[in-house]
Each structure stands twice: as C-alpha cells, then as structure tokens.
Amino acid sequence: MDIELRGIEVASLFKFSHLAISASEKVLIYGPSGGGKTSLLHLIGGLWKPTRGEVFCDGKNLCTLSDFELSEFRKNRIGFVFQKMNLLEHMTCAENLELVANRLGESAETVLRAVGLSDKFHVKAGTLSLGEQQRLAVVRVLLQNPAVILADEPTSSLDEANAKKVMELLLEASQKKTLIVVSHDSRLQKYFDRNLNFAELIQ
Amino acid sequence: MSPAKIAYLHLVRNKFSSLIVLVGILLAVATSGVLLRLYSLSNERFMGLIDTGDAIIGAKSGALDLLLGMLSFEGDYPEYIPMNLYATLKDQQSLHFEDKATVSANFIRAVFPFALVAKTDEFRVYTTSGDFFNSKEKGLPEFETGRAPTASGQVVVGSRVASRLKLKMGDTLPARVWVGGEPAPEASQTLHVVGIFKTTDRAWDRIVLGGWETADKIFNDNAVLFRTPWGTKVMNFMLVYLKDGGFGSLESLINRRTVAQMVSVGEGYRKLNELAGTGRELGLLVAAVILLLGFSSVASMMMSRFDSMNVQLAVLRALGYSKRDLFKVLLYEALYLAFLACLLGALIDGSVFPWLRSLLGANLPGEDIVPMPIWTSWPVWLAVIVGNIISVLYPIWRISKQNIHTSLRSI
C-alpha cells in the first residue's frame, strides 16, 4: 500500500512537508525517544488526525474518513505491534489471536510452533515473558494479514536474542507488505530498505 | 472475536470483581423482589376485598377478623352467632329487652346470612339465603351462567374457582366439611355446580356459594360438633344494607344488646388501609432504594472497569474494533450481569418468600387467597436490566470521546 503524508503539522509537536512510502517498502524511522515518532506512526495508522495536512493511503485521505470507516481501514489494512500492552492480558494466546481472526485454523498452530509458543496456546497472555508477548503480537499480525505493518519500538524491552527473533519474525510477516518501524535502536538499521532519521524529516 | 465473547471473557477472567458486583445486584434483586411481592400481596388483599354492604355482623372476635373473614373470605374458622338474629333483622321485628327497652329493626334494607361449611381444593364453601342470588344491591356478584341453588349440595362458583378447577355447569366437586377448627381431612360432600359468577376481581371470584339448605344439611349431619347454646341454628356473618341514618341504631342494637359485633364496612376499609398503607409504601420505597444501590454498584463497577480497560480498549480500537463494537462489549457485560443476577436473585426470592410468608402468618393472606407466584417480581427484573443498561451510558460516552492516540501513549 502506498502511503503519502502532505503538509503535516501536529500541534506544537512537529511538522513536515512531505513523506512518501511505497508499497512493500521496509522503512525504519529512528531518532531519540520523545520526538514524536509514535505520533507519526499513529497518524499513518489512522489512530490520530494531524492538526493540519493530509494522510493518504492508496490515494484515500484518512483525515476525511468517519470513525467507522477508519475502524474498517485498520481492521483490513493495518497491523500494529506496540512496544508493550500488545495483548489483552486476561485472554489466552489463542483468544488474543482470535481478536483478529475469528477462526484459528492450522496456520495459527503452525506459526505458534515456529515461534516457540506452541505450548502456550491456552496460557493467559499476561503470564508470558515480554519476548513471548512480542512474538505473539507479531503472530497476530501475521494472521491478520494486513497491507501495512506498523511497529512501535518492537524490540526496546527485549534482550539481543529476543530482539533478533522478533525482527526476523516481523520481516517474515511483512513479505510483500509495507513495514514501518519506529525505534531509537540503531541496531535495527540493517534490516530495512530505508532508514529515515526523524529529526531530519521534521526540520 | 465477537463483542459478546470479549465481554464474556472479561467477566469470567476477572472473577473476583465480577463476583462482588454480581452478588451486590443479585441481593438487590432478591430483596427488592421479596419486598415487591409483599407489597403486591398486601395490595392485592385490599384490592380484592368485597366492596359492598354497609355493615358486617359477626361474633365478638375483633373488627379485623370480621372484616377479613367476610370481605376477603380468609382467616381462621369464624365463631358462630345465632340464626334468630338474622330472622329478627330480616323481618324488621321489634325487640323487647329486660330493661323494658324496645328497638324496632326497621332501618334494614337488606341482610344476608353467611356460614362457612366446607372447603373444596383451596376454596371455601359458604352458604347464604336464597334471596342473595337475586339481590340487586351494588357490588354483589352476577351470574355468568346458570341459576341460584335451590337444593342441598347445589352451588354457584366464582370465576377463579371455575377456571382453576376447570368447572362447567353440571360438574361436581368433592368438599371437605368445615364446621369449626380445621376442615375434615377427607371429602365427604359432593357439590353440584348450578351456576358460575361473572369475574369481579374481588373475593367473590374465589367463593363457592350454596343455598341455606346446604348449611342445614351439613350442620345437622355434624350436629355433634356444635357446642353452642343455639345448636345448629347458627351462622358466621351477616352482610347488612341499611336505610339512611340506620347505622347508629344498628350499632347500638348489635354491639350493646347482643352477643354479636357490628363493623362498618366503609370505616373498616379506611382503617385497614391506614394500618397497612404506610408499611406498604415504606416497603416499596425500601425496595426502590435497594435497587438503586444495585444500579449504582454496577455503574461504579463499569466506570472503574472502564478506567482500567482504557488501554485495552485502545488496543482493540487499533486492531479495528469500532466504537460501536466497544459499546456492545460494555452492553453485553451489563446484560450478562443483569440476567445472571435476575436468575440467581429470583431463585433466592423464590426460596425466601414462602418462608417469610409463613413466618408472617395471619398478617398476610394465605397462598390459597392470593397465590403471588415468583413471576410477579418481573418489574424488579425489568428495572435491573434497564438500570444496568443505563449504568453503562457514562462509560459509553467516555468511549465516544476516547482519544486512542493518547490512551496508547500512556503505555
């Protein structure tokens, strides 16, 4: 899915004139914490609207969509992976996956097995480690099969090994899809087609 | 995943807080249900009282017993009064007393004797004089079908008796003789239905009424049981209709110079209402307050749950759930709680009410007079369901104003 942001201004937080990300592109937006990277991600995902400017996804202006249309857009086209609280902790892993896929077929079990969570199918998500939670969140995105995956600091709470696992999963999940990751972790730059310094973008 | 399942999982996975709220609401349902049924019971008794006649005459056993005995056909077996008192009043004879006083009973417009003689199923069998069935006095039952009894064993039944026992003209029904104390354990009389009264929504609907021939036969057959100075020439009550200004004269005659007691129907009604009215209204008020407490408990739970679910709801929104889906989640939670609380509360209500009713004894009409089944608590259930829905309006309003971006930023 092609993404284009024009003449963006978000209150006193940041402004920039143009950002375009083409379909299937893998983009890392990096920069220090607190700069507005998450806000940018939320703008692209239709979770927030800019004070000024327009956000286009495949030519559709998200700023003009109703709440219901935005919900449908997110449900069908966008997959989110957050830094924390990706999952509903009182639900089991299977139930968290059911939030995006009404019927869990064999594919869910196959993917869970591949990420080392096959024995956690009926375990409450709140009891998983942070690494397991992040992997489960990526599995959920895989099952959702969106056109764009937006990940907000997906590796920030993880150790090196878990961060690597999650990134590999994300890249696998985003084959032929657009992947936008915001992070302050410069180790991730090697995984992406384009690395965008957020500070330079908003100058 | 459907909003219904999300709501269900949220409730069952937060067992402790859900249980506390559930117990609060179900206790409110049970308590309010019991209070409402007590109120309805009390109300039904007064709404069902026979609304006719100017005065009731019976044994000197207390005005309340007299009123409930004659106007609601309930209570213990009433004591006897002599039948010749009826003859005196009916014939408007002059009475001469030892102190040389003379009273002329010319203030009577109509008078009907009543005697309780048997019980069939849960209904009481009374007997009265033949002219009762043809009387045009206001408030007396009219025939739906059939005629007045003319021989012993013939009866006219009230509409509730007919529908409850599925009676039609010509049917027979067994009756247990009742001439003091408790009814006989075995049915020894066979009554023949010769008439059915129209529905009155009063105590007449549950009467089985025979002619005086039936009373004579049953009394004479059981004469050995009568230990009164008047033998079997007795009755239990008289329903009296007076000419203008006749009340004082009748009161003076009956209360001062006979073994009987007279009670004014109008005054009795007023006193009964005064006696029970405040209590009934207070009971209804308490029921309403308890329900209100139940609602505020749900409302408070919904608000605190919303606060704790703020981020979860934002995650759901990010996953594509619309505001409408989240409204449904909250509504389903409220409805699950309401229905479960109604079900469990009704079970408690159904168990406690009969016990409470038996505990209160004669203060309430018996099961045979006003049945008051569990479903009469339905206004409480409806109020709980509506109240629970209302209690989620505030969280729903908060969701409609929720900024997903801000909520997710708070992670």
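Let me begin with chain A, where five strands make an open sheet in the order β6-β7-β8-β3-β9, with parallel pairing. The edges are β6 (78–81) and β9 of chain A, each of which pairs on one side only. Direction ignored, neighbouring strands in this sheet are turned by 15 degrees against each other on average.

Some housekeeping. This is a predicted model, in which local features need pLDDT of at least 70 and side-chain atom pairs count only at pLDDT 80 or more, while totals for chains, interfaces and linings use all residues. Residues are numbered from 1 along each chain as its sequence is written, and chains are lettered from A and ligands numbered from 1 in the order in which they are written.

Helices (H or I, at least four residues) and strands (E, at least two) are DSSP runs, numbered from the N terminus. Two strands pair if DSSP finds at least two bridges between them.

Back to the sheet. Strand β3 of chain A, residues 26–30, pairs with β8(A), residues 178–183, in the parallel sense over five bridges. Within that pairing, L28(A) has V181(A) as its bridge partner. β3(A) is also joined to β9(A), residues 194–197, by four bridges, and these two run parallel. There, V27(A) is partnered by R194(A). Four of the five residues of β3(A) are buried; a residue counts as buried if 20 or more other C-beta atoms lie within 10 Å of its own, as exposed if 12 or fewer do, and as partly exposed in between, with C-beta atoms placed from the backbone.

β7(A), residues 148–152, pairs with β8(A) in the parallel sense, again through five bridges. The bridge partner of D152(A) in β8(A) is V182(A). Helix α1(A) packs on the sheet and touches β3, β7 and β8 of chain A, its direction making about 155 degrees with that of β8(A). For such angles, axes are lines fitted to C-alpha atoms, for helices over the stretch in contact, and the angles run from 0 to 180 degrees between N-to-C directions. Contact between two residues means that their C-beta atoms, placed from the backbone, lie within 7 Å.

Why is α1(A) largely enclosed by the rest of the structure? Because seven of its eight residues, in the stretch 37–44, are buried. The buried ones are K37(A), T38(A), L40(A), L41(A), H42(A), L43(A) and I44(A). After the helix comes G46(A), with a positive phi near 75 degrees.

For chain A as a whole, there are seven helices and nine strands. Of its 203 residues, 43% count as buried. Among its contacts between residues at least 6 apart in sequence, 75% join residues at least 24 apart.

Now the interface. Here 24 residues of chain A are in contact with 19 residues of chain B. On the chain A side, the elements giving two or more residues are α1, α2 (67–77) and α3 (93–98). Of these, α2(A) gives the largest share, five residues. By class, that side has 10 nonpolar, eight polar and six charged residues. In this count, Ala, Val, Leu, Ile, Met, Phe, Trp, Tyr, Cys and Pro are nonpolar, Asp, Glu, Lys and Arg are charged, and the others, Gly among them, are polar.

On to chain B and strand β5(B), residues 108–120, where 10 of 13 residues are buried. Six bridges join it to β13(B), residues 237–242, and the two run antiparallel. In that pairing, I108(B) is opposite L242(B). β5(B) also pairs antiparallel with β6(B), residues 123–128, over six bridges. The two form a hairpin with two residues between them, and D121(B) in the turn has a positive phi of about 55 degrees.

Last, the cores. A nonpolar core is a set of buried Ala, Val, Leu, Ile, Met, Phe, Trp, Tyr and Cys residues joined through C-beta atoms within 7 Å. The largest has 108 residues, and those with the most contacts inside it are V138(A), I25(B), V29(B) and V384(B). Leaving aside neighbours within four places in sequence, V138(A) is in contact with V81(A), V166(A), L169(A), L170(A) and A173(A). Apart from that core lies another, of 66 residues, among them A118(B), A203(B), I207(B) and V240(B).
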